Amino acid sequence: MKILAGAIGSDIHTAGILNFLNLAGKEGYETIYIGSVIGIDKLLDSIEEASPDIVAVSYRLGKESCEGLLRELKMSLENRGIEKRLIFGGTVETAEIAKRSGLFEKVFDGSEMPEEVVMFLRGRTDAKGEVDYPQTLLERITAKKPYPLIRHHIGLETVEATEGAVRNLAESGLLDIISLAPDQNCQQWFFQQENMISSEDGAGGAPFRTREDFERMYKASRIGNYPLMRCYSGTRDLLKFSLLFKETINNAWTAVPLTWYSQLDGRSDRELLEAIRDNQGAIAWNGGSGIPVEINEAHQWALRYCHASIEVTTAYLAALSAKRLGVKVYVAQYMFNTPPGISPRMDLAKALAKKELIESLKDENFTPVTMVRPGLMSLPADPDMARGQLVSSVYTAMKIDPEIVHVVAYCEATRRASDVEIIESVKMAKQAINEAIKGLPDFKQDKVIQDHKEYLKSESATIIEAMEKIKTGELTSSETIYAAIKLGILDAPGLSKMSVAKGAVRTAIIDGQSCAVDEEGKRIDEKERLSL
């Protein structure tokens, strides 16, 4: 494909058009730059001489003069019988004139991020001339590389408000994945609605109550860039929810835990061993149905202030369980900034330890996908500080080469996000992503990071060794995982006195690291903690 480009009229600006051609060249286009201050006749002469597939023109000098130039361009094209795909780049006011002219297939007004231009250049169209957006996770990841997919969740106080927000988010083209967030009544009692507490409707998410509610959300998303859709898994009846989401929203992937949504955290009344078995059954069903699976286990432990060795271990156990349960595509989520106080350097070491263990399981039947997200607890209540934290967290997380970035809106420390705050937050995150994609130092070679990563892997091996000594079944069996929690092999301070777990471990942040400590606050390793 060949693109010819230049700035028309008396416009001397060249930066935008050269940036565009640079992106086009990287995407495999043959590019021809004919310069600035190009008259319409000279432009058409160049088109006839070069015979490009696409003609890109730029004009930034004012809407009145732009209107006259584009009238001239339209008449001259008709007089010469030239028919080409035309695109336009300019300012907001000249772009508006270009859109009204009807001449251009695509109009850029300068507010677009590089990935939007790249996605246009890669655009595929179907027989109706409409853009074809991949509707499976791996296909969408491949189509967008090197840019990660962008995910955010939405669940407002009413179904109607959520439906409108979904439509606005899809129309914006900024998100690749919209995650529906049902309220707790829905997550726990959708299939036993007589148990719902009406005063809690809309608490924590949208009050979805019928199959048609989910169908409405999917229909609302079928505009813009046709984002993938998914939904929180529910905190009980996970198998029933899995089938419902597959049939209504073409669930991009399911996210279930191994041990949570049980007596462990109180989000359902399921007994812990029963919950582990149920959760593993849901994982196996989704894997067998070809639906990618995320096991949101490790960050749940981190949110209860476990030390890093537990977090790394539970991340590995989750991935190993998924593989053994028949999952083919595994979404591995890495939550940064958690627990609070961990340093970015040690955060990276922890993430790399997890990633190396998870990636060690990769084969032709098991494909891990890396998803990163800011830690919710790290967002300050002050909105300006929260914006800074969001950008900082995403920029740090880009160092582990994610395929999905789960954006958390800057306002969520104080209130749920509407589509307005989500769009603002996604734009901020995308700027951090675009800066990172230009090139980052190889932090994997930082000796402090490497040493701590290897230490965490070694400590995780010690925890695994302790679990393997439990004579209840193989490592990822529900009985072994249950026993490991009851014995305190897997433990976190945030579970003390409120859970079936022991909650006996003490943890602290020391030198930016999340560590287990003794009664005097001194760091201890896993052999000492587990008395091996």
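Which residue meets K354 in a salt bridge through its side chain? The side chain of E311 does so, with N and O 2.6 Å apart; a salt bridge here is a side-chain nitrogen of Lys or Arg within 4 Å of a carboxyl oxygen of Asp or Glu. K354 belongs to helix 14 and E311 to helix 13 (residues 308–324), so the pair ties together parts that are 43 residues apart in sequence. Both residues are buried, a term that stands for under 20% relative accessible area, with exposed meaning over 50% and partly exposed the range in between (1.4 Å probe, protein chains only).

The structure is a predicted model, in which local features need pLDDT of at least 70 and side-chain atom pairs count only at pLDDT 80 or more, while totals for chains, interfaces and linings use all residues. Residues are numbered from 1 along each chain as its sequence is written, and side-chain values use heavy atoms, with hydrogens and water left out.

The overall form comes next. The secondary structure of the protein comprises 19 helices and 16 strands; helices (H or I, at least four residues) and strands (E, at least two) are DSSP runs numbered from the N terminus. The radius of gyration is 26 Å, close to the 24 Å that the globule rule gives for 532 residues, so the protein is as compact as a globular protein of that length. This radius is taken over C-alpha atoms, and the globule rule is 2.2 Å times the number of residues to the power 0.38. Along the principal axes, the C-alpha atoms fill a box of roughly 85 × 55 × 45 Å. Of the 532 residues, 56% are buried. Among contacts (heavy atoms within 4.5 Å) with a separation of 6 or more, 71% are between residues 24 or more positions apart. The accessible surface comes to about 22,100 Å², and carbon and sulfur atoms account for 49% of that area; it is computed by the Shrake-Rupley method with a 1.4 Å probe, and for residues only the protein chains shown count as cover.

Several strands may now be followed in turn. Two strands are said to pair if DSSP finds at least two bridges between them. Strand 7 (residues 177–180) and strand 8 run parallel and are joined by 4 bridges, and I178 stands opposite M229 in strand 8. In a regular strand the side chains alternate between the two faces of the sheet. In strand 8 (residues 228–231), L228 and R230 point one way and M229 and C231 the other way, and all are buried.

Strand 11 (residues 329–335) is mostly covered, with 7 of its 7 residues buried. On one side lie V329, V331, Q333 and M335, and on the other Y330, A332 and Y334. Strand 10 (residues 293–295) pairs with strand 11 in the parallel sense over 2 bridges, and the partner of E294 in strand 11 is V331. Strand 11 is also joined to strand 12 (residues 367–373) by 7 bridges, and these two run parallel; M335 has R373 as its bridge partner in strand 12. From strand 11 the chain crosses through helix 14 (residues 344–359) to strand 12, and this β-α-β crossover is right-handed. The term applies if, with the strands pointing away from the viewer, the path from the first strand over the helix to the second runs clockwise.

Another sheet is open and antiparallel, formed by 3 strands in the order 14-15-16. Its edge strands, strand 14 (506–510) and strand 16 (523–524), each pair on one side only. Strand 14 and strand 15 (residues 513–517) run antiparallel and are joined by 5 bridges, with R506 opposite V517 in strand 15.

Finally, the salt bridges can be considered together. Side chains of opposite charge can pair when their charged atoms come close. A search of the whole structure finds 40 salt bridges. In one of them, the side chains of R80 and D45 meet at 2.8 Å, N to O. R80 lies in helix 3 (residues 63–80) and D45 in helix 2 (residues 40–50), so the pair ties together parts that are 35 residues apart in sequence. R80 is partly exposed, with a relative accessible area of 30%, and D45 is partly exposed, with a relative accessible area of 40%. E526 forms a salt bridge with R529, the closest N and O atoms being 2.8 Å apart. These two residues are 3 residues apart in helix 19 (residues 526–529), so about one helical turn separates them. Both E526 and R529 are buried.
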